[in-house]
Amino acid sequence: MSTLVLLLFTGLGLGALYFLVAAGLSLIYGLMGVLNFAHGAFLTLGAFTGWEIARRTGGDNWWTFLLSLLVGAVAGALFAAFTEFVLIRRLYQRHIEQVLVTVGLSLAAVALFDGIWGTDPVFIQGPAWFKETTDILGARIPNDRFICIIAAVLVLLALVFFLKNTRYGMIIRAGVENRSMVTALGIDVRKAFTLVFTIGGAAAGLGGVLASHYFGYVSPLLGGSLLIFAFIVTVIGGLGSLTGAAVAAVAVAVLQQFANFYLGGTGDFVVVLALALVLLFRPSGLLGRTS
Amino acid sequence: MTAAEEERSIAPAPILRIDGLTAHIAGQQVVEDVSFTVPATGITALLGRNGVGKTSTIKAIIGLIDRTGTVELDGVRVDREPTYKIIRSGVGYVPEDREVFSKLTVAENLRLAERDAAPRRQLVEELFPDLLARSGQMAGTLSGGQQQMVSLARALLNTNKILLVDEPTKGLAPKIVAEVAETLAEAAKTVPILLVEQNLQVVRQLAEGAVVLSGGRVVHTGNALDFLNDDGLTQRLLGVSTEAAHTEAAHTEAAHTASAQTPAPAEKGAAL
Amino acid sequence: MTTETDATETQDAHGATGGTPAGSRRRAANRGAAEGTHDGGRAPLRLTRGKVVGAAVGIAGVVLLILLPLLNLSLPGVLPGPTYTPGSLQLLAMCMLMAAAALTYHLLLGVAGLLSFGHALYFGAGVYGLAIILQNLDIPLLPAMGLTLLVVIVLAHVVGSISLKVSGIPFAMVTLAFAQAGSVVVGRNPEGITGGDEGLTLRTNNLPDFLVGVANTRNLYWLALAVLVAVFVIVTWVQSSRAGHVAAAVRENELRVRVLGLQPYLVKLLIFVVSAVLVCIIGMVFLLLQSGAVPRAVSADLTITLLVMVVLGGVGSRWGAVIGGVFYTILDQRLTTLANSDAIDALPEILRIPLSEPLFILGTLFILVVLFLPGGLTGAAQRLARRRTRRGGDRVQKSREILEEAA
């Protein structure tokens, strides 16, 4: 029983990270049709800037941690907004070329991170409480898992509130459904493009800081490895669906943890297998638009 | 009535002038060097068989598909502008198949469309009392007729120089068709309309001018009633006899070449 | 053959009814397909002057490349030494293998309009498959290669038939996920057979002597050249075959092809599998040349490298893929040398860090090409040539169309 609970919470923590990456990916794809390969770089930049903050201000207190979350999110958001404004926008409606540009950007960015911070993982320290565990039903859960879960839930709630209750949220929802009709109502949908990139970048940057605490280190490859699972999550959840991304993130991560433990480290294959099954029987994803 | 119409037809400044409009979809030419004008009052019908490029022409006017040529709105060239700016310069667009946002509520659909500082909410509420009652409902769960009301309401909320209305009665029950026609007639009192419509009964009731397309080109322009009353002309250009105008005969395979040589397919078409 | 008859029949049927808009649209579709088959039948006969010159230059180039290991030529700044030295031959052989791999990617993207992010899976399967078989089974090289090919043919069918359920961007994501699974296997090192991060060293016991050792680098060079020429010929053949024409038609308008009763899915799968088999063979030669397998051979980075090569050279062009492959490989090698040079070391940090990362420069270059040089290097060259002769360029347009159609 305690193993089950431990696996569940570890899975939820990992799922929280997947969600923070996948949320932006899914919104960006849903609204703009762009598969953003640079999303992992947003995350890595967030993780490194968060680490710099922790390193410079003495990494083991809560204020530093909260500050690093904020700075990481802002760094991710700025990088993402820059990407949309300078690179993506020039290639309006050229989806594949937009993908290619993000591929080039992710190559260049990861190489630059290599150059600045080195290729080896750098280890990170958080508040002492992170290293402690909490007892739930006999399982000793590392506390950093809870932080990831809480943060992801807050981001999900904030995003849902934003999408439901603001004009831009409405434009984004309408744009995911039918972008050309939004422009045909006299709305400049490109502003919404910059906005979803910025939001997605902020979530990824936040995810980067949390991931560095979850894994205990930062490396230039951190973003890329999470990105691939985030891709799988967005396809399974249904491209463009925020709730789909949330459900699939948890499902994929928990499945991965259980398979890793009970099926001899086969978590990654089980996830790819799940992807294959979803594609065979429901190609538009769990909560995707059925067309 | 006819005297008034003649006066209008010689009134000089058209609200919309299309010149040499050409458009492609996926490499295929769908609109070919189309030129016509829409007068500043009343309803002008854009007619033609299915698939001749009526919808594409409308979409090309507001830049929803790639096109070349001149589009002049109220004397100002707008074809270099992005779609949203063309719309903001005073175009109301009611697309084919309504295109309401199905996962947004009725109220949200309408709020999204408001672009004037003082949108005419009251007018819309008077015209479509049904929508007020359903404002919290997802637009995707509405009936076809109600969705058409939402789509029309989105255009009527703002003050426009012209309305582009694409097949507003498509697939609707006769009673709803009459309601839509009434709404359009009401709207036409204040704003000129370019109307794509398959239901020739509705065209007869509403339209003053007519522009007829065939194979992506303009093949006839003139007074709508004169055109509809010329049985030979409608037979040739729309493939229907106006006697049977309200049946969906326009959808049949009755081609003018075929009907000239072998009458059999045309009969079969009329039966359908 | 049957499909062709079908097409003609439908065309006749519509010719009889004619005149309706729907009919004329369908006739246009038939016309497109008919032209396609027309091209297919005529292509070998239609020898323009340009094609003759191109073929002549190609043959002369191949002859020169064959003779290269026997010559003493120096290309300072490009090759590390004279052309007969193993170091230079190794680099040239690598260029040719990468060019060949880029050609197989061209088959996916440029011919079938499939944006795959999982091509490295088949390259890696060739590299690791052969290395593992040679390591663990006592069989000669050719049967070992045959066995590896068999595995890859099955793998490509399974992955291809699932991934092709979706198209466009989702296809890219799904192929990436499958390739990632392969990459994970290699990294996990099950039962110690892949060597994990360290990779595998090629076991040479069962290899023919002429392929082993630095002294025989020129034999491997000739092998790589043979592979490049063979892949080029096969890709050209596939492209001008019936399947190639159907694939191109599918890329332009899938619905149109379906209306004609053809099977876009099967044609795409065929091209997917052919491309996988070819890149697997290239992977096996790569293993012999490198005398070892490293995890990078099956990573997403490798697929992205191939994609970058194809785009740099010019999407939709065979020569573009070859030029892109050679250009990228040499540039990568040169930049790595540059990164370790004293000149860079002496620069202030703000210049030193970016310049000492070859991938930063290559990534930036790639972005600039996508933004400002649509049609890649071949497109730019053609535009220059056209400007001189005052004719409009269509290379660029074609590249852009292919990319849009892959979406």
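## Close-up views of the chain interfaces and a helix pair

**View 1. Chain A against chain C.** Here 41 residues of chain A touch 39 residues of chain C, contact being heavy atoms within 4.5 Å. Before going further: this is a predicted model, where local features need pLDDT of at least 70 and side-chain atom pairs count only at pLDDT 80 or more, while totals for chains, interfaces and linings use all residues. Residues are numbered from 1 along each chain as its sequence is written, chains are lettered from A and ligands numbered from 1 in the order in which they are written, and side-chain values use heavy atoms, with hydrogens and water left out. Between chain A and chain C about 3800 Å² is buried, and carbon and sulfur atoms give 82% of that. Buried area is the accessible area (1.4 Å probe) that two parts lose on being put together, summed over both. On the chain A side, the residues that lose the most area to chain C are A:Ile96, A:Leu100 and A:Leu107, together 17% of what that side buries.

**View 2. The salt bridge between chains A and C.** The count between these two chains is 1 salt bridge, a term for a side-chain nitrogen of Lys or Arg within 4 Å of a carboxyl oxygen of Asp or Glu. It pairs the side chains of A:Asp268 and C:Arg188 at 3.5 Å, N to O. Over all chains, the structure holds 19 salt bridges. A:Asp268 sits in helix H11 of chain A and C:Arg188 in helix H7 (residues 168-188) of chain C, so the pair joins two chains.

**View 3. What chain A brings to chain C.** Polar contacts are pairs of N or O atoms within 3.5 Å; within protein, one must be able to donate a hydrogen and the other to accept it, and residues adjacent in sequence count only if both atoms are side-chain atoms. By that rule, 1 residue pair is in polar contact across the interface of chain A and chain C (both at pLDDT 80 or more). The elements of chain A that give two or more residues to this side are helix H4 (95-117), helix H9 (222-237) and helix H11 (267-281). Helices (H or I, at least four residues) are DSSP runs, numbered from the N terminus. H4(A) gives the most, with 16 residues. By class, the residues of the side of chain A that touches chain C are 28 nonpolar, 8 polar and 5 charged. Nonpolar covers Ala, Val, Leu, Ile, Met, Phe, Trp, Tyr, Cys and Pro, charged covers Asp, Glu, Lys and Arg, and the others, Gly among them, are polar.

**View 4. Chain A against chain B.** About 1800 Å² is buried between chain A and chain B, with 59% from carbon and sulfur atoms. The count here is 1 salt bridge: the side chains of A:Arg173 and B:Glu108 meet at 2.7 Å, N to O. There are 8 residue pairs in polar contact across this interface (both at pLDDT 80 or more). Helix H6 (167-177) and helix H7 (179-183) of chain A each supply at least two residues of the side that touches chain B, and H6(A) gives the most, with 6 residues. That side of chain A divides into 8 nonpolar, 4 polar and 7 charged residues.
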